[in-house]
Amino acid sequence: MNVTVHVELGARSYPIHIAPGLLQQTERITAALGGRHVLLLSDANVAPLHAPAVRRALSRHRWSETVLPPGEGEKNLDRFGEVVRALAELGASRDATLIALGGGVIGDLGGFAAACWMRGIRLVQMPTTLLAMVDSSVGGKTAIDLPQGKNLVGAFHQPSAVLIDTDTLATLPDRELRAGLAEVVKYGAILDADFFAWLERHAEDLLAREPAALVEAIERSCRHKAAVVARDETEQGERALLNFGHTFGHALEAEQAFAGLRHGEAVAIGMVRAAWLSARLGLSADADTLRLVRLLQRLGLPTAPPPGLDPVRLLARMRLDKKNLSGALRLILWRGIGQAEIAEGVEEGQVLKAWSAAL
Ligand SMILES: NC(=O)c1ccc[n+]([C@@H]2O[C@H](COP(=O)([O-])OP(=O)(O)OC[C@H]3O[C@@H](n4cnc5c(N)ncnc54)[C@H](O)[C@@H]3O)[C@@H](O)[C@H]2O)c1
C-alpha cells in the first residue's frame, strides 16, 4: 500500500507519498528536507499524537517546533507573526524547511509562512486530516484569514513534498473524517463517474477506516487534484471546477460565522444545491442528484441547509465570493455524475430558488 502520485509542474514538480506508517519511515522524512534548519509546525491536538515520529527524523538537523492552539480562528495574522518569528529565532537560512504537520489550518498557515520567509523556503506538507490529505496539502494554495473574510491574504507556494501517513487518520474524530469524505465525493461527482461508483460500493469501508479503502480513495483524489493543478496551477480556468458546491457552501459557513458546519459539511450541502440548480436548468438529471444525495447521506453528511437561514442573505453572501468577476455570479454547474462546467452570469433569481426550495 505504498503509493506515489506526482504533481508535474516542471522545476517545481513534487511527489505525494501515500502509505500507512509513513511517518515512522525516518529516511522518507529526511529525504524530503532541504538544508540544516527545520521548523516543525503543528497544533496542540496533533503534536502529542503524531509529532514524536517526525522529531525522531530530525536528529541531524538544527530544528525547533511551534505548536499552535487548534482551530480556524488561529489561521490569522498574529499566528503568522509567531511562525515567522520562530523562523527568525531558529536563524533559518534560505535552504531551510518548514514542516506543516496537521490539518488544513496548519497547512495553509505554515505554507504561507514558508512562502514569505526569505521570499520562499522549502515546505513539506504532512497532512493529518482527510480533508488536508485529499485537498489542501496539494496544489500550493496557502493563506490566512482576516476578520473581513477567509483566506484573504495568501500566496501560491507549492510544497516540495507531501507525506501522507494514513495511520494518522486513526485518531481523527468521526465528524472530521466525514467532512473530508465530502471532498472525496466531489472528485467523483465532477471528474470521474467510475470513482463515484467505487465510492458507492465502498462507503461503509471508508467510514470503518478500512486501510486499503482509505489509501485508494486518497490516491484517486490526489491523482485528480494533481492533474488539474498541473494543467491550471493558478486557477485561470479548469481548477475552478474543484470549487463545485463551494460557493453555496461558503455562504452557509459565512452565515454561521464559520462556527457552525465544518467546511466539508457545507460543501456537501452546497453540492446538492448546485446539483438541484443544474437539474432545474436542464443540465443534469434528477436521478443523478438523487444518487449524490444518497451517497452523501450514507457517508453521514448533511444534504440540506440547517433550518432558519434566510435565502436572501445567503444569496448576498454568494455575491461576495472571490470567484465572482465584476459582480456577475460565477458558479460551477453539474452535467451529471463525472462532469461539471464553469457557468458565468448565472441568474440570481435561479440561485435564490435553489436556496428557497431547501429552506
Ligand atoms: N489550501 C487549499 O487548497 C485548501 C483547500 C481546502 C481547505 N483549505 C483550508 O483547510 C482548513 C480546514 O482544514 P481541516 O478541515 O483539516 O481543519 P483543521 O486543520 O482545523 O483540523 C480539524 C481538527 O482536527 C484536528 N486534527 C487534525 N488531524 C488530527 C488527527 N490526525 N487526529 C486528531 N485530531 C486531528 C485539528 O487539531 C482540528 O481540531 C480551512 O482553513 C480551509 O480554508 C485549504
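**Chat about a predicted model**

Me: Is P306 buried, exposed or partly exposed, and why?
Reply: P306 counts as partly exposed because it has 14 C-beta neighbours inside 10 Å. A residue is buried with 20 or more other C-beta atoms within 10 Å of its own, exposed with 12 or fewer, and partly exposed in between; C-beta atoms are placed from the backbone. The model is predicted: local features need pLDDT of at least 70 and side-chain atom pairs count only at pLDDT 80 or more, while totals for chains, interfaces and linings use all residues. Residue numbers start from 1 along each chain as its sequence is written.

Me: Where is P306 found?
Reply: In the loop between helix 11 and helix 12 (311-319). Helices (H or I, at least four residues) and strands (E, at least two) are DSSP runs, numbered from the N terminus.

Me: How far is P306 from Q256?
Reply: Their C-alpha atoms are separated by 10.0 Å, although P306 and Q256 are 50 residues apart along the chain.

Me: Back to helix 11. What span should it have?
Reply: Helix 11 covers residues 286-298, and at 1.5 Å a residue its 13 residues should span 18 Å. The expected span is 1.5 Å times one less than the number of residues. The end C-alpha atoms of helix 11 are 18 Å apart, which agrees.

Me: Which residues of helix 11 are buried?
Reply: D288, T289, L292, L295 and L296. They lie on the same side of helix 11, because they cover an arc of only 130 degrees around the axis. The arc is that of the directions from the helix axis to the C-beta atoms.

Me: And which exposed residues sit on the face turned away?
Reply: D286, A287 and L290 are the exposed residues on the face turned away from the buried side of helix 11.

Me: What do the buried ones pack against?
Reply: The buried residues of helix 11 pack against helix 6 (174-191), helix 7 (193-207) and helix 10 (263-280).

Me: New topic. What domains does the assignment give?
Reply: Domain 1 (3-171) and domain 2 (174-356). The bounds come from an automatic or database domain assignment. The domain centres, taken over C-alpha atoms, are 26 Å apart.

Me: How many residues does the contact take from each domain?
Reply: 25 residues from domain 1 and 25 residues from domain 2. On the domain 1 side, strand 1 (3-7), strand 2 (14-19), helix 5 (130-136) and strand 8 (149-156) each supply at least two residues. Helix 5 gives the largest share of that side, five residues.

Me: And by class?
Reply: The side of domain 1 that touches domain 2 has 16 nonpolar, five polar and four charged residues. Ala, Val, Leu, Ile, Met, Phe, Trp, Tyr, Cys and Pro count as nonpolar, Asp, Glu, Lys and Arg as charged, and the others, Gly among them, as polar.

Me: Which residues come nearest the ligand?
Reply: N45, G103, G104, T129 and S136 come nearest, of the 29 residues around the ligand. A residue is near a molecule or strand if its C-beta atom, placed from the backbone, lies within 6 Å of it. The shell around the ligand divides into eight nonpolar, 13 polar and eight charged residues.

Note on methods
Two residues are in contact if their C-beta atoms, placed from the backbone, lie within 7 Å.
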